Amino acid sequence: MDRTVRTVEDVLALLDGLFASESEAGRLATGDGMGFWDRFYADRSRPVPFFVSKPDENLAAYLDQGLIAPGRALDLGCGPGRNAVYLAARGFEVDAVDLSPVAVAWGEDRAHEAGVDVRFLCGDAFALPAAELSGPYDLVVDSGCFHHLPPHRRVSYLALLNRVLAPGGHLALTSFAAGEGGAGSELTDADLYRERELQGGLAYTPESLRWIFSDLVEVDLRRMREEPPESALFGVTFLWTALFRRDATLTASGDVRPAHDRA
């Protein structure tokens, strides 16, 4: 008889295991999903829209509108690096992390071909040592990572943001949209655990995203714009795009800085 739970992380790892059986059926698992994503990215010629080396249209719009500016950036769940390479070409110092070695290798090839420097890391962003993802980052980009997390891993996600996002820094997020024309599962959090299946990703409403990220300031939240195949940008309407900003008066631990330190 084993008693394996002593810490919060032990609880989160135990809950990860509830979804591990999905990988046996060829569906997406979380926590041990490297094999799924390696298979997903193995064939670079597959006609998958976001395999094309184009940045998200909202990310380009934020830059063009002056809502974000070059600085240190972290691309969470970077896949084959399309947004990371774009940001590096626009003057950002970019760290990019993904669970899949196959995706990371593709991203490294793309960065080399584009002649830009991106620091790629392979592993679970929530388990990497703090020295690997030290921050602070002026921009955290997430194009499709968050909606593949089970509900309990939002705790890890928010803790990571709290640790690495600089005061005044931004989170640029895309996630499956609930409702008409959206994508992803609309099961309640409780029902996901009863079913023990993530159904390929979770859908969110604007209200749920605002609630989850309520410690941040909403700058923009809308449907992603559709982009035609010939466009230099990636855009599909079944995703929400959001830009949140961290209060500039907060320290990395979330504490308010004294007034004399805010100058």
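Is Gln 199 buried, partly exposed or exposed? Select Gln 199 to begin: at 39% relative accessibility, this residue counts as partly exposed. Here buried means under 20% relative accessible area, exposed means over 50%, and partly exposed lies in between, with a 1.4 Å probe and protein chains only.

The model is predicted, so local features need pLDDT of at least 70 and side-chain atom pairs count only at pLDDT 80 or more, while totals for chains, interfaces and linings use all residues. Residues are numbered from 1 along each chain as its sequence is written, and side-chain values use heavy atoms, with hydrogens and water left out.

**First stop: the loop around Gln 199**

Gln 199 is placed in the loop between H7 and H8. Its phi is positive, about 55°, although Gln 199 is not a glycine. Now select Arg 196, which lies in the loop between helix H7 (189-195) and H8. Arg 196 also has a positive phi of about 55° without being a glycine. With a relative accessible area of 43%, Arg 196 is partly exposed.

**Second stop: the whole chain**

Colour the model by secondary structure. The protein has eight helices and seven strands; these are DSSP runs numbered from the N terminus, with helices (H or I) of at least four residues and strands (E) of at least two. Of the 263 residues in the protein, 48% are buried. Among contacts (heavy atoms within 4.5 Å) with a separation of 6 or more, 68% join residues 24 or more positions apart.

**Third stop: the sheet**

Show the strands alone. Strands of a sheet pair through backbone hydrogen bonds, either parallel or antiparallel. In this analysis, two strands pair if DSSP finds at least two bridges between them. The seven strands form an open sheet in the order E3-E2-E1-E4-E5-E7-E6, with mixed pairing. At the edges are strand E3 (118-122) and strand E6 (217-223), each of which pairs on one side only. Neighbouring strands of this sheet are turned by 15° against each other on average, direction ignored. Axes are lines fitted to C-alpha atoms, for helices over the stretch in contact, and angles run from 0 to 180 degrees between N-to-C directions.

Next, select strand E5 (residues 165-176) and strand E7 (residues 239-245), which pair in the antiparallel sense over seven bridges. Within this pairing, Leu 171 has Phe 244 in E7 as its bridge partner.

In the loop between H5 and E3, find Asp 117, which is exposed, with a relative accessible area of 71%. The C-alpha atoms of Asp 117 and Ala 89 are separated by 8.5 Å, although the two residues are 28 apart along the chain.

Move to the loop between E3 and E4, where Pro 136 is found. The peptide bond from Gly 135 to Pro 136 is cis, with omega near -5°.

**Fifth stop: the aromatic rings**

Rings of Phe, Tyr and Trp (its six-membered ring) pair if their centres lie within 6.5 Å; planes under 30 degrees apart count as stacked, over 60 as edge-to-face, and the rest as tilted. By this rule there are 20 aromatic pairs. Select Phe 40 and Tyr 41, an edge-to-face pair at 5.2 Å centre to centre, with 90° between the planes. Both of these residues are buried.

Which arrangement do the rings of Phe 40 and Phe 50 show? Their centres are 6.1 Å apart and their planes are at 15°, so the pair is stacked. Phe 40 belongs to helix H2 (residues 34-41), and Phe 50 to the loop between H2 and helix H3 (57-64). Phe 50 is partly exposed, with a relative accessible area of 31%.

**Last stop: the nonpolar cores**

A nonpolar core is a set of buried Ala, Val, Leu, Ile, Met, Phe, Trp, Tyr and Cys residues joined through side-chain atoms within 4.5 Å. The largest has 32 residues, of which Val 140, Phe 146, Tyr 157, Leu 171 and Phe 213 touch the most other members. Helix H6 (153-164) is one of the elements that give two or more residues to this core, and H6 gives the most, with four. Finally, select a second, separate core of 24 residues, which includes Leu 63, Val 85, Val 94 and Ala 172.
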